[in-house]
Amino acid sequence: MRERITFVQKLGDSLEPSVINVAGNLISGPEILATREDKVTLALDELPAAELQDSLNRLHELHIRWVSPVAYQAVSPLLSRLPPGFHLFFTPGKDDADPVSNRLCQTLSAIFGNVNCSTPEESFTSLPNDRFSHSSALQYFQPLESLSPFIHYAKDQLCSPSDASCAARLDGLTQASSLDVSYDAISHALKVTATWPYQLQTVHATSRSQYRTEVGILSAEKPASLEPYELGISGLLTVLGQDSKPSPTMFSFASRHRDAQSAFSTKFLKPTGLHPILKIHFESNKPPSDDSYCSPHAYFTLPRTIFADKYQLADDLFLASKNLTALRYSSQPVDLEAPEYVMKRWGSAVLLELSPPASEKAEPWTAEVPLHLRYLSPAAGGYETIQVPYPAIFWACTAEEGTKFPSNPFERVNLGYDGLFGPRTVFWHVEPRPEAGSLLVNAVKVPVLDLNKSEWVNTGTAIAVLLGFAWVVWKLAAVYLSSGHERDSSRAVKPSERKKKQ
Amino acid sequence: MSAGSSAPSLLTRFFQRALPLYLSAALLRVILIIYGLWQDANSPLKYTDIDYLVFTDAARFVARGQSPYDRETYRYTPVLAWLLLPTARITGNPLLDTAWFSSGKVLFAAADLVAGWLLERILTTGSSGNGGNGRPMRAATARKYAAIWLLNPMVATISTRGSSEGLLGVLVTALLWAVLARRVTLAGLLLGFGVHFKIYPFIYAPAIVWWMDRERMRDDPGKRRTGLGSRLTAFVSPARVQLALVSLATFLGLNTLMYLLYGAPFITHTYLHHVTRIDHRHNFSPYNTQLYLTSAFPTLSSALLRIESVAFLPQLLLSCVLIPLVMAKKDLPTAMLAQTFAFATFNKVCTSQYFLWYMIFLPLYLPRSSFLRNKTLGSSALALWVASQGLWLQQGYELEFLGKSTFLPGLWLASLGFFLVNCWILGIIINDVAETGTRVSSSSKKTVSFDLD
């Protein structure tokens with residue numbers, strides 16, 4: 001087991017080594033404005049539950065990415081973003097009829113609370129695997145506001161009842177902006193990474209004797225030698241229980257995730273009806289990089305209550321009128337007709353390329369994304385409110401030929417959209433800002449059949465149908481009784497027949 | 001019909017010859033197609049129907065040697081995709097490509113014209129009235145009635161937007177024409193193909209079979225049969241056997257061919273889809289609200305009998321048994337109108353395209369209808385039909401675009417209202433086949449009711 005705790009400050013903020021106290025297995029310092037990231041790496045046999053060990057052992061790859069709906073500021077180099085909610089990227093083990101896969105949803109439900117999937121086969125979508133082998137095979141997503149069930153589960157599994165500090169540390173996750181849990185069969189290790197938003201926090205960490213804890217207090221750096229595709233970092237590193245004082249460090253690395261230094265917000269146009277249009281407001285149409293070709297993209301993970309129609313998004317004129325370039329990807333299949341309540345699949349992932357106005361001067365702009373609601377289950381009151389997570393929006397820029405992006409200490413892969421781009425694409429993230437309040441979700445009020453008024457539907461429909469049917473039958477009977485079912489022989493008798501009668 | 005003094009003569013002259021009518025019907029469609037091209041090229045709101053994009057996408061798949069069912073929501077026979085193969089042609093010349101792409105609309109529009117011409121033929125050969133024994137209508141008068149179809153803006157718009165319903169119009173009128181002309185093999189071919197194409201024309205089979213008695217087909221003149229056994233042998237006439245065999249062979253042959261070519265997806269999308277689909281999206285059907293409710297709560301068993309689970313009973317009883325039995329021999333075109341009307345009205349799904357299915361018969365029925373004889377009745381029926389539909393559309397608009405929960409009671413009551421208005425109109429249509437008889441000779445009442453086979 002290993003642990004890495006990193007405080008990341010912004011460019012220009014840095015701490016003098018003298019303000020940091022290292023004493024045995026404790027490090028402490030002043031209150032600073034920073035993002036905090038805790039990363040714990042566990043070998044499989046260090047996992048508390050044998051059942052969990054066994055389950056993980058049988059799968060090939062599993063990446064859970066939970067993102068808080070509360071808006072947060074990201075700090076370099078922890079810049080990658082995903083729509084808020086519970087994301088899962090999964091590659092099952094070699095055994096097709098794997099019971100672990102089939103029980104996956106139940107296991108996840110036990111850990112994370114209400115995970116609404118049935119089995120990977122029914123609920124997950126396939127990711128395209130023709131481009132990069134490092135993408136997982138299957139994807140799942142659902143909105144999930146809180147980590148409380150996970151915290152509860154983790155306390156139960158990891159902390160002894162007397163260990164208050166263990167519980168307190170896990171309780172800290174209620175403030176986390178994201179939580180990643182990754183496992184793959186090659187490293188045989190489970191990596192759990194939590195990050196907290198950029199805010200005032202005290203530098204404080206302790207280690208336990210059983211494992212190694214490394215603490216970094218870092219800030220972004222821009223040395224003259226920095227290449228355009230690189231990020232620079234400097235700061236203090238301390239291995240607790242081993243170092244007596246922090247050692248200064250400075251390094252740079254190529255990163256695929258960058259900060260576009262602009263923001264967007266989204267809201268649904270009113271009235272939403274059954275075909276809501278999501279309007280995206282951008283602060284600026286200026287590409288983040290002048291050296292390479294860039295275009296903005298929006299990556300949506302849409303719950304099954306709402307979807308985009310790829311056929312509607314195929315017409316260039318229509319797209320242009322909404323400031324869209326093209327639908328670059330949509331997970332398949334997307335049933336365009338089924339109501340929500342008969343669907344087992346989680347929903348759909350959609351990647352849209354956007355088309356900003358090409359003006360010399362930076363200016364705000366908007367794009368509109370037409371979406372469609374499914375029918376939802378009837379409910380008392382006649383309305384249901386659904387939560388639609390913000391998309392992740394970034395400028396995708398192509399780095400120059402020959403640029404390599406080797407793995408870096410803050411690398412995050414398997415995000416759903418990264419596998420849809422070439423290896424030289426750099427994602428310049430645009431910061432999502434709530435339209436109102438603090439949450440990165442948009443609510444839509446969906447009209448449904450009002451159960452309070454439905455008691456007469458069966459009887460009323462039956463009466464009307466029988467009434468209509470009876471009326472028509474009565475008319476038919478009247479015709480039959482007055483003139484039978486034969487043609488009226490008294491009229492228009494054929495000459496040939498007339499002859500015979502005579 | 002008109003207030004101007006010169007208008008009647010102008011109108012009469014318009015219908016005097018065939019050319020003005022067909023030329024203006026063609027011109028109307030040409031203008032609409034060209035206007036549609038303009039709108040499609042210049043507005044994000046498209047003139048072209050979504051369905052046309054589905055057909056042409058499917059045709060493109062076929063052109064590449066793939067299955068038309070590779071296109072999602074393609075729920076039609078492969079024949080339609082084959083017919084539209086020219087739309088998939090790419091020449092490299094954008095103008096020519098647009099023309100090729102629009103060729104399907106030209107085909108649908110041409111089908112409209114042919115259907116209109118067949119209507120005129122049926123009316124003028126006098127085979128339409130009174131079960132095929134009516135007096136032939138003057139050509140000019142026939143064209144006036146055919147114009148209800150040919151110059152109908154709704155019909156022209158639907159086919160030029162690229163909906164395939166026009167093809168159905170020509171199939172059904174051709175079927176009726178073949179039957180009335182006693183061309184049994186042709187009728188069988190058309191019936192089999194029609195059912196393969198869109199399923200619902202199967203309802204015409206019992207009416208046609210019932211109509212084709214020995215007397216009418218002139219293959220056993222004069223002979224009267226009384227016993228049950230001999231009545232049965234009288235019923236199984238050569239013409240009926242021929243029609244059954246030819247239509248069944250056509251239907252099965254086409255399906256076997258399509259199954260061999262495209263496999264299970266053909267069966268699933270063309271036929272099974274209509275059985276298994278849950279039509280939750282609001283439509284005109286009286287069952288719609290009930291279906292939404294029960295599809296969401298399939299286990300809810302509050303009611304002893306759920307009307308929607310037996311919805312096929314009134315629908316098929318009317319359109320396939322009672323209406324053919326009572327009406328077909330008296331007036332086949334009106335019987336087919338009533339069948340289609342009943343089928344659409346009592347169906348579990350009903351959208352405005354279904355209205356086109358019965359609209360094709362109006363020119364054949366209206367000349368003898370009480371709606372035209374009694375102007376008050378006619379205009380109130382039309383007003384009620386439009387008003388009850390308008391009420392539904394208004395509720396539907398509030399739901400679809402304003403997001404108001406109008407399912408209950410608004411949409412539900414509106415659909416029931418529209419349903420009852422349709423039933424009332426259907427009753428009048430049915431009544432008209434008796435009226436035409438009794439009006440001519442009211443004394444024949446007694447003899448007619450005993451005039452059985």
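Start by selecting Tyr311(A), which is partly exposed with a relative accessible area of 21%. (Buried means under 20% relative accessible area, exposed over 50%, and partly exposed in between, using a 1.4 Å probe and protein chains only.)

Before moving on, a word on what's on screen: this is a predicted model, where local features need pLDDT of at least 70 and side-chain atom pairs count only at pLDDT 80 or more, while totals for chains, interfaces and linings use all residues. Residues are numbered from 1 along each chain as its sequence is written, chains are lettered from A and ligands numbered from 1 in the order in which they are written, and side-chain values use heavy atoms, leaving out hydrogens and water.

**Stop 1: around Tyr311(A)**

Tyr311(A) sits in the loop between β16 (306–307) and α6 of chain A. (Helices, H or I with at least four residues, and strands, E with at least two, are DSSP runs numbered from the N terminus.) What does Tyr311(A) touch, not counting residues up to four places away in sequence? Show Leu336(A), Asp57(B), Arg71(B) and Glu72(B); contact here means heavy atoms within 4.5 Å. The side chain of Tyr311(A) makes a polar contact of 3.4 Å with that of Arg71(B), and another of 3.4 Å with that of Glu72(B). (A polar contact is a pair of N or O atoms within 3.5 Å; within protein, one must be able to donate a hydrogen and the other to accept it, and residues adjacent in sequence count only if both atoms are side-chain atoms.)

**Stop 2: pairs across the chains**

Now pick Lys310(A), whose side chain meets that of Glu72(B) in a salt bridge (3.3 Å, N to O). This pair crosses between chains, with Glu72(B) in the loop between α3 (50–63) and α4 (78–83) of chain B. A salt bridge is a side-chain nitrogen of Lys or Arg within 4 Å of a carboxyl oxygen of Asp or Glu. Lys310(A) is partly exposed at 28% relative accessible area, and Glu72(B) is partly exposed too, at 24%.

Next, go to Asp315(A) and Lys46(B), whose side chains form a salt bridge of 2.8 Å, N to O. How many salt bridges are there between chain A and chain B? The count is three.

**Stop 3: the whole interface**

Zoom out and colour by chain: 67 residues of chain A are in contact with 83 residues of chain B. The area buried between them is about 6,600 Å², with carbon and sulfur atoms giving 63% of it. (Buried area is the accessible area, 1.4 Å probe, that two parts lose on being put together, summed over both.) There are also 18 residue pairs in polar contact across this interface, both residues at pLDDT 80 or more. On the chain A side, α6 (316–321), α7 (457–483) and α8 (495–501) each give two or more residues. Select α7(A) here, as it gives the most, with 20 residues.

**Stop 4: inside chain B**

Select Arg60(B) and Asp57(B), which meet in a salt bridge (3.1 Å, N to O). Both lie in helix α3 of chain B, three residues apart, about one turn of the helix. Arg60(B) is partly exposed at 28%, whereas Asp57(B) is buried at 18%.

Then try helix α15 (residues 288–296) of chain B: nine of its nine residues are buried.

**Last stop: chain A overall**

Chain A has eight helices and 24 strands. The C-alpha trace of chain A spans about 130 × 60 × 45 Å along its principal axes. Finish by highlighting the salt-bridge network that links Glu3(A), Arg36(A), Asp38(A) and Arg169(A).
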